[in-house]
Amino acid sequence: MGSFPLSSNTTSAGSGVPPDGKTPQIIRIKDIVETLLLYFPGADTELIQKAYIFSAKVHQGQTRLSGEPYLIHPLQVASLLTQMKLDEISVATGLLHDTIEDTATSINEIQKLFGAEIALLVDGLTKLSELNFRSTEEQQAENFRKMLLSMAKDIRVILIKLADRLHNMRTLVFLSPEKQKIVAQETLDIYAPIANRLGIDWIKSELEDLAFKYLHPAEFNSLDQKVKAQQKERDYYIEKIKKTISEKLIHIALSEEIKGRVKHYPSIYKKMISQKIDFDQVQDLIAFRIIVGSIKDCYEALGVIHSVWKPVPGRFKDFIAMPKANMYQSLHTTVIGPYGERMEIQIRTPEMHRIAEEGIAAHWRYKEGREIDKRDDQIFSWLRQILEWQQDLKDPREFMETFRTDLFPEEVYVFTPKGEVKAFPRGATPIDFAYSIHTDVGNRCVGARVNSRMVPIDYEFSNGDTIEIITANHQRPRKDWLKIVKTSRSRTKIRQWLRLEERNINIQQGKDACQRAFKKYNLNFMKVFKSGEFAKVAESLGFHESQDLLASIGYGKVSVNQLFLKLVPQEKLKQHDLKNKLQSTVKKTATKAPTRQIRVKGLDDIWTNFAKCCNPLPGDSITGYITKGKGVSIHVAGCPRLLDTDPERQVPAEWTTDTDSTYPIKIKVISEDKPGLLAEITGAISRQDSNIRGATISTKQHQRGVSVFEVEVKNVTHMENIIRAIQNIKGITRVLRVRQ
């Protein structure tokens with residue numbers, strides 16, 4: 001996507017970040033109305049004025065952390081929506097978007113005063129605050145799920161949310177450093193990729209720049225100083241290249257506009273890290289954009305550029321012939337410049353440039369009847385895809401993992417046997433292609449023909465491949481497929497099949513266990529099962545249907561002996577000591593004494609162990625997983641390993657008050673490489689009453705030190721105190737907890 005932000009608020013060279021974090025100018029409602037009327041002359045300005053007056057009234061007396069009146073925020077959001085050229089309904093919602101969440105206003109009041117359309121949008125932007133959630137992650141997941149459902153009904157929900165997040169990021173300087181990093185990381189993981197998916201480049205670029213500033217402040221400041229130090233030299237270079245291009249293009253009578261600017265800081269930083277080079281070694285620091293009159297002119301201009309400067313092999317991409325999923329179109333090429341340096345050049349038409357910057361907002365202008373032109377329908381396909389897989393994902397952790405994975409793939413373009421172009425994330429395999437056709441095709445995929453040559457199911461696509469899927473009736477999805485697929489659709493369908501298969505196996509195992517137990521006392525289990533008594537017991541234990549209880553027995557969550565005691569009539573128990581014998585048998589299911597620090601809901605006297613994949617600490621939100629023969633494994637609630645397990649085996653767990661023990665964890669410290677710093681770090685750890693069990697120290701390029709300390713901590717608070725103490729040392733770049 002493009003490298004140059006459209007926003008008029010960008011002031012630092014190439015970064016798109018206001019230097020002090022404050023909003024550059026005061027926005028008045030008059031300015032918003034005037035801008036709206038420029039592109040929407042028939043707009044209902046009375047609606048805007050009414051929304052402004054109402055917002056000012058309900059937010060009266062509220063201030064932001066900056067000390068400014070809260071009303072400034074909805075005004076800035078509304079202003080950003082006019083930059084996207086959205087309608088008066090959107091702008092009015094921008095003024096009202098926080099009224100439900102932050103004031104005593106009800107959604108019914110919004111609907112009564114402003115109509116059902118605005119009420120729907122405001123409700124879609126309001127977080128779920130009145131429900132009880134087991135963890136912050138679950139709350140975040142359900143808030144995003146609600147937003148996505150609202151977005152599928154009306155795309156303006158996400159456009160307003162992006163404007164809201166952009167202004168919050170511009171004023172992030174007023175939050176605490178810890179909160180800054182949390183919000184910045186969420187922005188980088190969720191909102192910038194959403195903006196990219198919707199093709200709104202100027203918002204995506206500024207969100208990435210701002211997130212980089214707060215997640216990597218030392219690197220940001222270093223890059224900022226180095227870029228500014230070369231500004232005069234760079235400006236001279238840009239003008240020289242622009243003049244050369246202009247002269248060559250004029251020679252063949254092409255109308256053109258040429259822009260040149262330093263790339264965004266996150267892009268520069270990623271290149272330095274991935275290529276292990278210093279700033280001075282970054283060659284394609286500057287990118288140029290050429291805007292010409294027609295598609296024919298784009299290819300003619302490309303030929304001119306390649307005749308002037310030698311193209312770099314493998315660095316040409318034709319997004320005109322094969323647009324990205326967000327409808328982005330442009331020619332990209334990298335050439336060797338006049339001083340032997342690499343230059344990236346993008347070539348597009350004015351319409352392509354408008355779509356590249358505005359994305360879905362350029363394709364979609366709200367019309368009466370909410371109809372979408374067929375030619376614009378492709379850009380909405382992602383929204384339909386989101387709706388499809390979010391309905392299948394009940395677990396909030398799996399939902400967020402799938403959501404993040406699906407947001408920002410680097411794409412590869414392949415062909416069907418009929419010549420249809422399909423886009424997949426880079427690294428996609430025949431299984432991904434098969435599931436894109438139909439679930440049954442994916443389940444039965446055994447391989448593919450790629451360019452008429454047989455390949456295995458783990459073959460990774462290359463641009464231009466022609467794919468033909470091979471299926472077999474005997475084939476079934478396997479768990480190891482999850483390691484090779486790249487699309488969220490494939491991953492969701494495979495997990496669904498595996499869970500259904502495991503559930504069927506567990507149901508049969510549960511049924512077999514019950515039949516064996518009942519047979520010992522000359523009882524017919526199937527007769528009891530069909531009588532309806534079994535269903536009553538299942539309901540009393542909190543199961544929706546009898547099959548759920550059988551499955552739970554099959555994998556050990558409910559003891560068959562516990563069930564036996566509930567179902568067998570008292571007169572059949574013969575003697576009282578039989579009941580005691582059965583109860584004793586129940587207790588023997590625990591192979592070891594339970595861990596004192598953990599309480600597992602619904603399971604008494606059960607052996608628990610801490611999962612090594614995430615090393616939970618007291619204070620972490622935790623979830624138990626019932627293993628086969630090894631008790632309950634305790635994971636951090638957001639542990640990725642849990643996503644590939646059967647949700648039915650997951651049980652709520654919590655810490656008890658007995659937390660005197662210490663737990664080994666690893667802390668990674670990235671720092672400057674300077675004498676005495678290691679002693680300061682170990683001293684900071686010791687002062688927090690923590691024992692250092694081991695450490696590995698290494699020095700990387702760019703004068704960076706990377707140290708991993710294994711320390712003993714009592715709980716999450718203790719760990720956070722240690723991390724905070726290390727972060728306060730001068731020369732420390734980043735400190736983070738390491739999960740194995």
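Me: Which residues of α29 are buried?
Reply: This is a predicted model, in which local features need pLDDT of at least 70 and side-chain atom pairs count only at pLDDT 80 or more, while totals for chains, interfaces and linings use all residues. Residues are numbered from 1 along each chain, and side-chain values use heavy atoms, without hydrogens and water. Buried means under 20% relative accessible area with a 1.4 Å probe, protein chains only. In α29 this applies to V716, H718, M719, I722, I723, A725 and I726.

Me: What covers the buried residues of α29?
Reply: Cover is judged by contact (heavy atoms within 4.5 Å). Among the covering elements are the helix α28 (677-687) and the strands β16 (663-672), β18 (704-713) and β19 (732-738).

Me: Which residue caps the N-terminal end of α29?
Reply: The backbone nitrogen of T717 has a side-chain oxygen 3.2 Å away.

Me: Which residue is the bridge partner of F415 in β7?
Reply: Strands β6 (residues 411-415) and β7 (residues 421-425) run antiparallel and are joined by 5 bridges; pairing requires at least two bridges found by DSSP. They form a hairpin with 5 residues between them, and G419 in the turn has a positive phi of about 90°. The partner of F415 is V421.

Me: How are α12 and α14 oriented to each other?
Reply: Their axes, lines fitted to C-alpha atoms over the stretch in contact, are compared by angles from 0 to 180 degrees between N-to-C directions. These axes come within 11 Å and cross at roughly 105°. Angles of 65 to 115 degrees count as roughly perpendicular, and α12 and α14 are therefore roughly perpendicular.

Note on methods:
Buried means under 20% relative accessible area, exposed over 50%, partly exposed in between (1.4 Å probe, protein chains only). Helices (H or I, at least four residues) and strands (E, at least two) are DSSP runs, numbered from the N terminus. A polar contact is a pair of N or O atoms within 3.5 Å; within protein, one must be able to donate a hydrogen and the other to accept it, and residues adjacent in sequence count only if both atoms are side-chain atoms. Angles under 35 degrees count as roughly parallel, over 145 as roughly antiparallel, 65 to 115 as roughly perpendicular and the rest as oblique.
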